[in-house]
Amino acid sequence: MSRLRCFLALGLVVLPLLNCGGSRHSPDEKYFLIVTNTKEAYWQEAAGGLSKAASQLRVPAEMIGPDSYDVKAQHSQFQDVLKKKPTGILVTVGDPGVIKEDIDAATSQGIPVITIDADAPASNRLTFIGTDNYRAGQMGGRLAAKALKFRGSVVVYTMPEQANLKDRLRGYKDVFDNYPQIKITEVVDIKGDPAAAFDKTRDLIEKNMKVDAFICLVSIACPEVAEVLGRKNITGKVVVAMDTEQRTLEAIQKGLISATIGQKPFTMAFYGLKMLDDLHHNPLPSLTKDWSQDSFAPIPTFVDTGVTLIDATNVDKFIQARNSATGK
């Protein structure tokens, strides 16, 4: 009888431990990352982070979006995702005025939404995971100012409607304000089209316009700037890029781009999916409350994934590390 009691007691201890080995996930769980351009190398890197987190969590996750920069198409994709009743959504915001309503529609249906890379702070998104873009702009500004020896004319390539790019430009401007002989002579809206950056740079060079530095706040611009400078055999220009497209890294190796500020889209998607998974299994009391105003909030208002400055001194090491992380 005493042996039977021992076996029963042991069973009470072992069975819960065995149950812990099973998955806590239900078959209908599914997560989405909605981006502005699935073909862009930046978002392919994010897809790697999403895939790795999904593999670790053993949940399905999918990156979707238009295959070229198209805010209206992204809105349409968001609407399609809502019809699939997702467990959670990560989204980069092409246009806050358009995507805000989509985010609010999702949270009203009980679907948690986290923004990554580009934010919609006026929406009901729960938190933002990405770069402190103002500080990234300051980093680029200090680099450019030093390379210019604190004087010269600057052309900036951007997409003005995006809040994250506004913050980057503000960071550059605040640094340049300390050096009166540095002037931003033109801010170019490339409208999500790399060809616009190529054409503008070619026009500036062919018209012999005085440009000492080219600053790119978007990843797709500086590879085109470097292409023009290479074809025209132009040297001595300061070129500060954004992100780590392969062509950008190759241009650094060739000396056509001075440096780039590398964000961490892999980390954004990886950490974002894990946070969504935790929110699903440990739900918040409200998805529409402004948690940023709660001193005891269970979620952060902003997660800064940081940036990496990449130039000729460390570009080769960066390529090796990225290939290792993404399995290339």
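In strand β10, Ile261 is the bridge partner of Met242. Strands here, like helices, are DSSP runs numbered from the N terminus (E, at least two residues, for strands; H or I, at least four, for helices). The model is a predicted one, where local features need pLDDT of at least 70 and side-chain atom pairs count only at pLDDT 80 or more, while totals for chains, interfaces and linings use all residues. Numbering starts from 1 along each chain as its sequence is written, and side-chain values use heavy atoms, with hydrogens and water left out.

That bridge belongs to the pairing of β9 (residues 238-242) with β10 (residues 259-262), which is parallel and runs over 3 bridges. Two strands are said to pair if DSSP finds at least two bridges between them. Both strands sit in an open sheet of 6 strands, ordered β7-β6-β8-β9-β10-β12, with mixed pairing. At the edges stand β7 (182-189) and β12 (308-311); each has a single partner strand, so one side of each is left without a neighbour in the sheet. On average, neighbouring strands here are turned by 20° against each other, direction ignored. Angles like this run from 0 to 180 degrees between N-to-C directions, with axes fitted as lines to C-alpha atoms, for helices over the stretch in contact.

Helix α7 (residues 194-206) packs on this sheet and touches β6 (152-158), β7 and β8 (213-216), its direction making about 160° with that of β6. Contact, here and below, means heavy atoms within 4.5 Å.

What about a single residue on the edge strand? Thr185 has its place in strand β7. With a relative accessible area of 49%, Thr185 counts as partly exposed (buried means under 20%, exposed over 50% and partly exposed in between, using a 1.4 Å probe and protein chains only). Setting aside neighbours within four places in sequence, Thr185 is in contact with Ser153, Val154 and Val155. Thr185 and Ser153 are 32 residues apart along the chain, yet 6.1 Å separates their C-alpha atoms.

Back at α7, there is also a helix partner to look at. The axes of α7 and α8 (residues 222-231) come within 8 Å and cross at roughly 35°. The crossing is right-handed, a label given when the near helix is turned clockwise from the far one by less than a right angle, with anticlockwise making a left-handed one. On the α7 side the contact is made by Pro194, Ala197, Phe198, Thr201, Arg202 and Ile205, and on the α8 side by Glu224, Val225, Glu227, Val228, Leu229 and Arg231. These residues divide into 7 nonpolar, 1 polar and 4 charged (Ala, Val, Leu, Ile, Met, Phe, Trp, Tyr, Cys and Pro count as nonpolar, Asp, Glu, Lys and Arg as charged, and the others, Gly among them, as polar).

The structure holds 1 disulfide, a pair of cysteine sulfur atoms within 2.5 Å. Cys216 and Cys222 are joined by it, with an S to S distance of 2.1 Å. The torsion about their S-S bond is about 90°, so the disulfide is right-handed. Both Cys216 and Cys222 are buried.

Another open sheet has 6 strands in the order β2-β1-β3-β4-β5-β11, with parallel pairing. Its edge strands, β2 (61-64) and β11 (302-304), each pair on one side only. Strand β1 (residues 31-34) pairs with β2 over 4 bridges, and Tyr31 stands opposite Ala61 in β2. Helix α3 (residues 71-83) lies across β1, β2 and β3 (88-91), at about 170° to β3. Helix α4 (residues 96-108) lies across β3 and β4 (113-116), at about 150° to β4.
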